[in-house]
Amino acid sequence: MANLRELRSRIKSVNSTKKITKAQELIATSRITKAQGRVEASQPYAHEIHDVIERLASATQLDHPMLREREGGNRAAILVVSSDRGMCGGYNYNVFKKTVELRNMLEDKGYDVVLYVAGQKGVGYYRFRGEPVAGSWTGFSQDPGWKATHQMRRHLIEAFEAGSAGTVKWREGVNGEEGQPVQGFDQLHVVYSEFESMLSQTARAHQLLPIEPIVEIDEIDTGGDLLDQPDGELQSDYEFEPDADKLLEALLPQYVSRGLFAMLLEAAASESASRRNAMKSATDNATELVKDLSRVANQARQAQITQEITEIVGGAGALAESGESD
């Protein structure tokens, strides 16, 4: 009986866990649709500002720091985009693994690497390992808003503009007090999860600053690449007011900021999809476990009934042989 009671208790416990994982699966599924909608809604603005930046770049010879490698720059920053909550399978592990690969590559090239973290899981991961983090932001991994991520995007862009030889005031985060000067950097890389499908999310490492030039328009990455066409190949048919140099200088930070926000939206969709897949697997496993435990419990119950019947029959037989049954 003790074994049977234990089996029934385990079945009850697994069913309770199954209700939780099923609820998490349904919530994550609903959030995926919303996250995908936000990614799609951001595309028209992304394409439009990309087109304007291309035309401005073709009409100016501005030597902007965001468009070229900084001479003597030896400090690179990595923004690690993780989740605020767990129960999302290998989502965070893949991001941390890609970060290690990128960090090793940059250090092999002679860069001094500094880490920035978005997401509570990333903060806990590096804190547990004693890794220094220059700054962190939390609370928006599942639903990144433009206002909620403003301080992060502004700080990273200003830190790049300051360079490794300069400093920028720290405004918000878990490290340091507001207004504390923080050293800048010469490169900014972002490690995040790209949403490919409901079943596939891939950790990516992307150099956001300085903006990497590309050759083909069809290969444009809305995360922050700019077209670098040969002179005369792409001619602007726009008249700019004020001049193209001033417009490009004003729009480049906005362009980079929008690219970073697009990565956060991708990461949010990936997190929800990864959590949905993990919770579905957990729910399916719980269902199978309940079936197995129920089968074992039924067998134990049947064995118990058989034993009781055998004892009753044996007792009746013993009474008959002794003549006490009369």
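1. Basis of the note. The model is predicted, with local features needing pLDDT of at least 70, side-chain atom pairs counting only at pLDDT 80 or more, and totals for chains, interfaces and linings using all residues. Residues are numbered from 1 along each chain as its sequence is written, and side-chain values use heavy atoms, with hydrogens and water left out.

2. Overall make-up. The protein chain has five helices and nine strands. Helices here are DSSP runs of H or I with at least four residues, strands are runs of E with at least two, and both are numbered from the N terminus. Read from the N terminus on, the order of elements is α-β-α-β-α-β-α-β-β-β-β-β-β-α.

3. The protein chain has 326 residues, of which 41% count as buried. Buried means under 20% relative accessible area, exposed means over 50%, and partly exposed lies in between, with a 1.4 Å probe and protein chains only. Contact means heavy atoms within 4.5 Å. Among contacts between residues at least 6 apart in sequence, 71% join residues at least 24 apart.

4. The sheet. Which strands make up the open sheet, and in what order? Five strands form it in the order β3-β2-β1-β6-β7, with mixed pairing. Two strands pair if DSSP finds at least two bridges between them. The edges are β3 (135-137) and β7 (201-209); each has a single partner strand, so one side of each has no neighbour in the sheet. On average, neighbouring strands of this sheet are turned by 25 degrees against each other, direction ignored.

5. The parallel pairs. Strands β1 and β2 run parallel and are joined by seven bridges. Six of the seven residues of β2 are buried, so β2 is largely enclosed by the rest of the structure.

6. The antiparallel pair. Strand β6 (residues 187-195) pairs with β7 in the antiparallel sense over eight bridges. A hairpin of five residues joins β6 to β7. Leu-188 has Leu-209 in β7 as its bridge partner, and Val-191 stands opposite Ala-205 in β7. Strand β6 is mostly covered, with eight of its nine residues buried. As a reminder for reading such a strand, side chains in a regular strand alternate between the two faces of the sheet.

7. Helices on the sheet. Helix α3 (residues 120-128) packs on the sheet and touches β1 (75-81), β2 (112-118) and β3. The direction of α3 makes about 135 degrees with that of β2. Helix α5 lies across β1, β6 and β7 and runs at about 35 degrees to β6. Axes are lines fitted to C-alpha atoms, for helices over the stretch in contact, and angles run from 0 to 180 degrees between N-to-C directions.

8. Helices α4 and α5. Two packed helices are described by the angle between their axes and the distance between the axes. For α4 (residues 150-162) and α5 (residues 244-322), the angle is about 130 degrees and the axes are 10 Å apart. The two helices are therefore oblique to each other; angles under 35 degrees count as roughly parallel, over 145 as roughly antiparallel, 65 to 115 as roughly perpendicular and the rest as oblique. The contact is made by Met-152, Arg-153, Leu-156, Ile-157 and Glu-161 of α4, and by Pro-253, Val-256, Ser-257, Leu-260, Phe-261 and Leu-264 of α5. By class, the contact has eight nonpolar, one polar and two charged residues. Ala, Val, Leu, Ile, Met, Phe, Trp, Tyr, Cys and Pro count as nonpolar, Asp, Glu, Lys and Arg as charged, and the others, Gly among them, as polar.

9. Helices α2 and α3. These pack at an angle of about 55 degrees, with axes 11 Å apart, which makes α2 oblique to α3. In the contact, Asn-92, Phe-96 and Thr-99 of α2 meet Lys-121, Gly-122, Tyr-125 and Tyr-126 of α3. The residues divide into three nonpolar, three polar and one charged.

10. A single residue. Is Asn-94 buried, exposed or partly exposed? Asn-94 is in helix α2 (residues 91-108) and counts as partly exposed because its relative accessibility is 34%.
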